[in-house]
Amino acid sequence: MVELTFSDFTLAIIGGCFIGVSAVLMLLFVGRIAGICGITFSLLDSNQVKKPWRWIFLLGLILGPMLVHHVYNLPIPEAPTDNLPLLIIAGLITGFGTKLGNGCTSGHGVCGIARFSTRSIVATITFMLFGFISVFLLKQVGGF
């Protein structure tokens, strides 16, 4: 096992590069935008054809970080909260928002902005703004 130490900034840069490369590879080889929510929703949709690459993509999202943490002996970060009802509500609101906004941070924020999509730029500004507002309200008003 290799032991390396990286700053949080370095890890963020490396992770961002991997996300960018994977988005480009997805577009080149599959011809699709790497929108994680769209891929996941298509697996839940009974009318959609279930293509194996979608399962492989989602499996890679789970196994990739596990592999990196294991190989580089990195600690697994703790969950930001142990408040299960809050996590469930946040997940449902996020799912609703991605359906309403026709995409998520990976689809709009990574792939859409890179393609200079006006709709994606507006969507990303909107969900980032409301994310900041939500964190502020939860920390200052809600005491979370």
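# A tour starting from the loop at Asn 102

Select Asn 102 to begin; this residue is found in the loop between helix 4 and helix 5, the latter running over 105-114. The coordinates come from a predicted model. Check the backbone here: the phi angle of Asn 102 is near 60°, which is a positive value in a residue other than glycine. Is Asn 102 buried or exposed? Its relative accessibility is 53%, and the cut-off for exposed is over 50%, so Asn 102 counts as exposed.

Now zoom out and show the whole protein chain as a cartoon. The chain has six helices and zero strands. Read from the N terminus on, the order of elements is α-α-α-α-α-α. The C-alpha trace spans about 45 × 40 × 30 Å along its principal axes. Colour by accessibility, and buried residues make up 17% of the 144 residues in the protein chain. How much of the contact set links residues 24 or more positions apart? Taking contacts in the protein chain with a separation of 6 or more, such residues account for 41%.

Next, select helix 5 and helix 6. Two packed helices are described by the angle between their axes and the distance between those axes. For helix 5 and helix 6, the axes come within 9 Å and cross at roughly 130°. The crossing of helix 5 and helix 6 is left-handed. To see the contact, show side chains on both helices: helix 5 contributes Thr 105, His 108, Gly 109, Gly 112 and Ile 113, while helix 6 contributes Arg 119, Ser 120, Ile 121, Ala 123, Thr 124 and Phe 127.

Stay on helix 6, residues 118-140, and pick Thr 126, which is found in this helix. Thr 126 has a relative accessible area of 38%, so this residue is partly exposed.

Move to helix 2 (residues 36-44) and helix 3. What are the axis distance and crossing angle of helix 2 and helix 3? Their axes come within 10 Å and cross at roughly 125°. Helix 2 and helix 3 are therefore oblique to each other. Helix 2 passes helix 3 in a left-handed crossing. Select the contact residues on each side: Ile 36, Ile 39, Thr 40, Ser 42 and Leu 43 in helix 2 meet Trp 53, Arg 54, Trp 55, Phe 57, Leu 58 and Leu 61 in helix 3.

Follow helix 3 (52-71) out to Asn 73, which lies in the loop between helix 3 and helix 4 (84-100). Asn 73 has phi near 55°, a positive value in a residue other than glycine. Where Asn 102 counts as exposed, Asn 73 is partly exposed, with a relative accessible area of 42%.

Which ring does the charged end of Lys 99 sit over? The charged end lies over the ring of Phe 41, 4.8 Å from the ring centre. A search for aromatic pairs returns nothing, as the structure holds zero of them.

Conventions. Residues numbered from 1 in each chain as written. Predicted model: local features only at pLDDT ≥ 70, side-chain atom pairs only at ≥ 80, totals over all residues. Heavy atoms only, no water. Helix = DSSP H or I, 4+ residues; strand = E, 2+ residues; numbered from the N terminus. Buried < 20%, exposed > 50% of the residue type's maximum accessible area, 1.4 Å probe, protein only. Phe/Tyr/Trp six-rings, centres within 6.5 Å; stacked < 30°, edge-to-face > 60°. Lys NZ or Arg CZ within 6 Å of the ring centre and 35° of its normal. Axes fitted to C-alpha atoms, helices over the stretch in contact; angles between N-to-C directions. Left-handed = near helix turned anticlockwise from the far one by under 90°. Contact = heavy atoms within 4.5 Å. Parallel < 35°, antiparallel > 145°, perpendicular 65-115°, else oblique.
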